[in-house]
Amino acid sequence: MRAVTWQGPRSVSVEDVPDPTIEQPEDAIIRVTSSGLCGSDLHLYEVLGPFLDEGDVLGHEPLGIVEEVGDGVTAVAPGDRVVIPFQICCGACWMCDQGLHTQCERTQVRDQNMGAALFGYTKLYGQVPGAQAEYLRVPHANFMPTRLPPEPPDERFVYLSDVLPTAWQAYRYADVPPGGTLVVIGLGPIGEMATRIARYHGTEVVGIDQVAERNERVRGLGATTIDLEAVEDVTEAVRSLTNGRGADAVIDAVGMEADPSPAGKLAQRVGALLPDAIAAPFMERAGVDRLAALYLAIDVVRRGGTISLSGVYGGMADPLPMLTLFDKQVQMRMGQANVKRWMDELLPLVVDEDALGLESFHSHRLPLESAPDAYEMFQRKDDGAFKVLFDPGQRG
Ligand SMILES: NC(=O)c1ccc[n+]([C@@H]2O[C@H](COP(=O)([O-])OP(=O)(O)OC[C@H]3O[C@@H](n4cnc5c(N)ncnc54)[C@H](O)[C@@H]3O)[C@@H](O)[C@H]2O)c1
Ligand SMILES: [Zn+2]
Ligand SMILES: [Zn+2]
């Protein structure tokens with residue numbers, strides 16, 4: 001089959017790889033009909049390179065048709081249309097019972113001391129072949145797939161694999177009080193979906209990004225935006241919108257590859273505690289995260305407010321301003337999204353009506369063969385690239 005493979009930093013190629021086969025009685029093979037390209041793939045594209053091998057198959061946002069099932073699979077049958085979560089989980093262990101599917105005790109990557117295995121996502125997460133491919137092997141197929149009606153089109157349902165539950169969890173973890181204001185930092189697919197969900201709940205949102213089209217999209221949802229490059233003091237701008245206190249809650253939808261914050265004032269406030277002289281060489285050596293978005297979150301959240309981290313972080317020695325966090329009594333929640341936990345809440349918003357406007361959410365639907373260009377375009381945010389969906393059935 002054809003599959004998108006990692007070949008080195010900023011290098012992916014579409015190759016012939018062996019078709020997946022049933023390995024366990026509870027496996028299913030699905031023929032992928034739509035597969036998302038995600039900000040998380042961009043981390044693999046560049047900074048997480050050391051954790052991949054040449055030829056690793058990428059992708060973790062699949063929707064498709066069941067092609068074949070193992071002897072132990074009763075929940076789905078060939079021909080069923082299904083969406084698959086990005087994490088691999090059994091649905092029956094203690095962690096899965098708590099709704100903590102990203103910590104599944106049957107799939108935890110114990111030799112790396114990590115949580116549940118993920119499709120297409122580095123040695124840290126099990127090096128499992130990914131979903132930007134014609135076919136995908138799905139373990140624990142009595143639990144993993146969510147069955148879908150034959151219509152409407154894939155665009156309505158594909159985000160149930162990752163973007164929707166991630167944004168939903170981000171919003172739930174943010175715990176915005178009634179009448180409160182939510183700041184969303186980073187307005188890529190995750191930040192925008194979190195904004196859509198917040199607006200759906202009637203929550204006031206202030207979005208922050210430096211990409212003009214992304215700010216514009218979010219303004220179209222009734223949010224206020226702050227252009228990171230145009231405003232000198234972002235925190236003051238947020239305070240002026242929030243009775244001088246700051247945001248009740250902040251979602252960081254940027255993560256480890258934040259662009260340096262152009263706001264000089266932020267560096268003075270948060271960075272003063274962690275001078276560049278210490279932080280910069282330390283980051284280079286230890287390869288830790290670029291923390292501009294997290295520092296901004298810490299600065300703009302009000303005292304006693306909540307920070308909800310969706311953006312993926314990977315450093316083991318990130319310098320954090322504990323004085324500020326402790327003194328402001330900030331609450332933080334974070335983690336990969338527990339996809340199946342939120343399914344019952346999400347399905348009604350997606351199946352009966354398009355309550356979140358998903359059918360027009362993507363910017364590009366492309367054949368797999370265009371993956372090398374698509375990765376580059378998405379990283380640079382060229383050509384209005386916002387959300388790319390690969391269609392492995394479309395010949396390039
Ligand atoms: N927790 C999860 O389960 C989960 C799931 C999916 C994605 N993610 C993570 O969510 C993050 C966003 O994903 P995405 O698909 O929306 O990616 P994306 O790269 O398209 O979006 C990131 C956005 O952040 C903006 N940005 C960069 N630096 C900034 C800064 N300093 N301040 C404000 N904005 C800044 C960029 O311009 C971009 O619009 C990534 O880190 C991704 O790995 C997490
Ligand atoms: Zn994703
Ligand atoms: Zn489990």
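The following questions and answers concern a predicted model with one protein chain divided into two domains and a ligand.

In this predicted model, local features need pLDDT of at least 70 and side-chain atom pairs count only at pLDDT 80 or more, while totals for chains, interfaces and linings use all residues. Residues are numbered from 1 along each chain as its sequence is written, and chains are lettered from A and ligands numbered from 1 in the order in which they are written.

Reader: Into which domains is the protein chain divided?
Author: Domain bounds here come from an automatic or database domain assignment. The chain is divided into domain 2 (165-334) and a domain 1 written as two segments, 2-162 + 338-391.

Reader: How far apart do the C-alpha centres of domain 1 and domain 2 lie, and how many residues of each are in contact?
Author: The two C-alpha centres lie 27 Å apart. Contact requires C-beta atoms, placed from the backbone, within 7 Å. By that criterion, 20 residues of domain 1 are in contact with 16 residues of domain 2.

Reader: Which element gives the most to the side of domain 1 that touches domain 2?
Author: Helices (H or I, at least four residues) and strands (E, at least two) are DSSP runs, numbered from the N terminus. On this side of domain 1, at least two residues each come from α12 (343-351) and α1. With 4 residues, the element that gives the most is α1.

Reader: How do the residues on that side of domain 1 divide by class?
Author: Ala, Val, Leu, Ile, Met, Phe, Trp, Tyr, Cys and Pro count as nonpolar, Asp, Glu, Lys and Arg as charged, and the others, Gly among them, as polar. The side of domain 1 that touches domain 2 has 10 nonpolar, 6 polar and 4 charged residues.

Reader: How many residues surround ligand 1, and which are the closest?
Author: A residue is near the ligand if its C-beta atom, placed from the backbone, lies within 6 Å of it. There are 34 residues around ligand 1, and the closest are G39, S40, G186, G188 and G255.

Reader: Which element supplies the largest share of the shell around ligand 1?
Author: Domain 1 and domain 2 each give at least three residues to the shell. At least two residues each come from α1 (39-45), α5 (189-200), β9 (204-209) and α10 (292-300). The largest share, 4 residues, comes from α1.

Reader: Which residue of β15 is the bridge partner of L366?
Author: Strands pair if DSSP finds at least two bridges between them. Strand β14 (residues 364-367) pairs with β15 in the parallel sense over 4 bridges, and β3 (residues 28-37) pairs with β15 (residues 388-391) in the antiparallel sense over 3 bridges. S35 has F390 as its bridge partner in β15, and the partner of L366 there is also F390.

Technical notes. Contact = placed C-beta atoms within 7 Å.
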